[in-house]
Amino acid sequence: MRDGVLVALHQPLLVIHGGAGVERAGLSAEEEAAARAALADALRAGHRALMDGKPALDAVTAAITVLEDAPQFNAGRGAVFTHDGRNELDASLMDGRSGRAGAVAGVGRVRNPILAARAVMERSPHVMMVGAGAETFAGEQGLELVDPAYFRTDKRWQQLQRALEEEARAAEAQAVLELPATAWFGTVGALALDADGHLAAGTSTGGMTNKRYGRVGDSPVIGAGTWADARCAVSGTGWGEYYIRAAAAHDICARVRYRGDRLQRAADDVINAAIPAAGGDGGAIALGADGSVAFPFNTEGMYRGWIGADGVPHVAVFRGEELAEP
């Protein structure tokens, strides 16, 4: 009963990803186990928020904060390096109930960019802030700022060194450098459906290994890497330029809203058809207000998982790995 009106309670649901582009050859058994454990921890954190009756936004930020703090993913601590050896972080958040959104891009001192994105949404008249200005705003809002060295991991540093070597060889041979999926894998995201039937979506990333010139991908772009409305929520992970051109996250939900497509079909048509046809690749997670879910991806693997009202985390990594659906 709410305000004297009997309302239906939905079964809370949380869906997450830790990035597409995962390759068995580049992942040790220890690294895989640590990533699976971090995914489960993120699911439990978001689940606690939902079970406490908190809104979908709280569950999304709780889950993504855990993933940003886990060095296994390309977001927060563990983010990839730019060409100049820095970590430049992007994040966005959208509330399906109100249509409000917030995002930050190119920040290098905010420990949890998803919290900065939420602060932009809730405590400013803006949708996106970038660079030093976004960091100043985050500090004024009481968010934790860290030394840039906090984000560094040796694995990401070595990935940059290999990328620089490959770039140099390509330049010497006057050849076009082809980017592997591992250049961008690891972006994290979360979607939540709360007990009131409201949706929220969030995405956070370190971008692309060896990126230059302040390049920004799809993750902080509302409608490209993140979208949530009354019916549908999406978080993407892939080659950002193609997701931006396709307005991929919004396109999935638009197909549900305007054409009446089922969520699975809409997600597959965009991620596994439209994006590859344009030359890109990657994956996404999608969640409907009816509790339907989709995990489309066209790479060898995608860190992914979900948790329902019973509190049992369900996690998968590679293609062909069974992941029971809600």
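**A hairpin and its sheet**

Guide: Strand 5 and strand 6 form a hairpin with 5 residues between them, and Gly197 in the turn has a positive phi of about 85 degrees. The model is a predicted one. Strand 5 covers residues 188–193, and strand 6 covers residues 199–205. The two strands run antiparallel and are joined by 6 bridges. Two of the pairs can be named: Leu193 has Leu199 in strand 6 as its bridge partner, and Ala190 has Gly202.

Strand 6 also has a neighbour in strand 2, residues 89–95. Here too 6 bridges join the strands, and the direction is antiparallel. Met94 stands opposite Ala201 of strand 6.

How many residues of strand 6 are buried? The count is 7 of 7, so by the cut-off of under 20% relative accessible area strand 6 is mostly covered. In a regular strand, side chains alternate between the two faces of the sheet. In strand 6, one side carries Leu199, Ala201, Thr203 and Thr205, and the other carries Ala200, Gly202 and Ser204. Every one of these residues is buried, and both faces of strand 6 are covered.

Now follow strand 2 to its other partner. Met94, already met opposite Ala201, has Ala101 in strand 3 as a bridge partner. Strand 2 and strand 3 run antiparallel and are joined by 5 bridges. They form a hairpin with 5 residues between the strands, in which Gly99 takes a positive phi near 80 degrees. Strand 3 is mostly covered, with 6 of its 7 residues buried.

Beyond strand 3 comes strand 4, and this pair runs parallel, joined by 3 bridges. Ala105 has Val130 in strand 4 as its bridge partner.

These pairs belong to an open sheet of 8 strands, in the order 4-3-2-6-5-1-11-12, with mixed pairing. Strand 4 (128–130) and strand 12 (313–318) are the edge strands, each pairing on one side only. From one strand to the next, the twist averages 10 degrees. Helix 1, residues 29–51, packs on the sheet and touches strand 1, strand 5, strand 11 and strand 12. The direction of helix 1 makes about 145 degrees with that of strand 12.

Is Arg109 buried, partly exposed or exposed? Its relative accessibility is 34%, and Arg109 therefore counts as partly exposed. Leaving out residues up to four places away in sequence, Arg109 touches Glu135, Glu144, Leu145, Val146, Pro148 and Phe151.

From Arg109 to Ile252 there are 143 residues in sequence and 33 Å in space, C-alpha to C-alpha. Ile252 is one of the residues of helix 7 that meet helix 8. Two packed helices are described by the angle between their axes and the distance between the axes. For helix 7 (residues 248–259) and helix 8 (residues 263–278), the axes come within 9 Å and cross at roughly 140 degrees. The two helices are therefore oblique to each other, and helix 7 passes helix 8 in a right-handed crossing. By class, the contact of helix 7 with helix 8 has 9 nonpolar, no polar and 5 charged residues.

Terms used: Residues are numbered from 1 along each chain as its sequence is written. This is a predicted model: local features need pLDDT of at least 70, side-chain atom pairs count only at pLDDT 80 or more; totals for chains, interfaces and linings use all residues. Side-chain values use heavy atoms; hydrogens and water are left out. Axes are lines fitted to C-alpha atoms, for helices over the stretch in contact, and angles run from 0 to 180 degrees between N-to-C directions. Helices (H or I, at least four residues) and strands (E, at least two) are DSSP runs, numbered from the N terminus. Angles under 35 degrees count as roughly parallel, over 145 as roughly antiparallel, 65 to 115 as roughly perpendicular and the rest as oblique. A crossing is left-handed if the near helix is turned anticlockwise from the far one by less than a right angle, and right-handed if clockwise. Contact means heavy atoms within 4.5 Å. Ala, Val, Leu, Ile, Met, Phe, Trp, Tyr, Cys and Pro count as nonpolar, Asp, Glu, Lys and Arg as charged, and the others, Gly among them, as polar. Buried means under 20% relative accessible area, exposed over 50%, partly exposed in between (1.4 Å probe, protein chains only). Two strands pair if DSSP finds at least two bridges between them.
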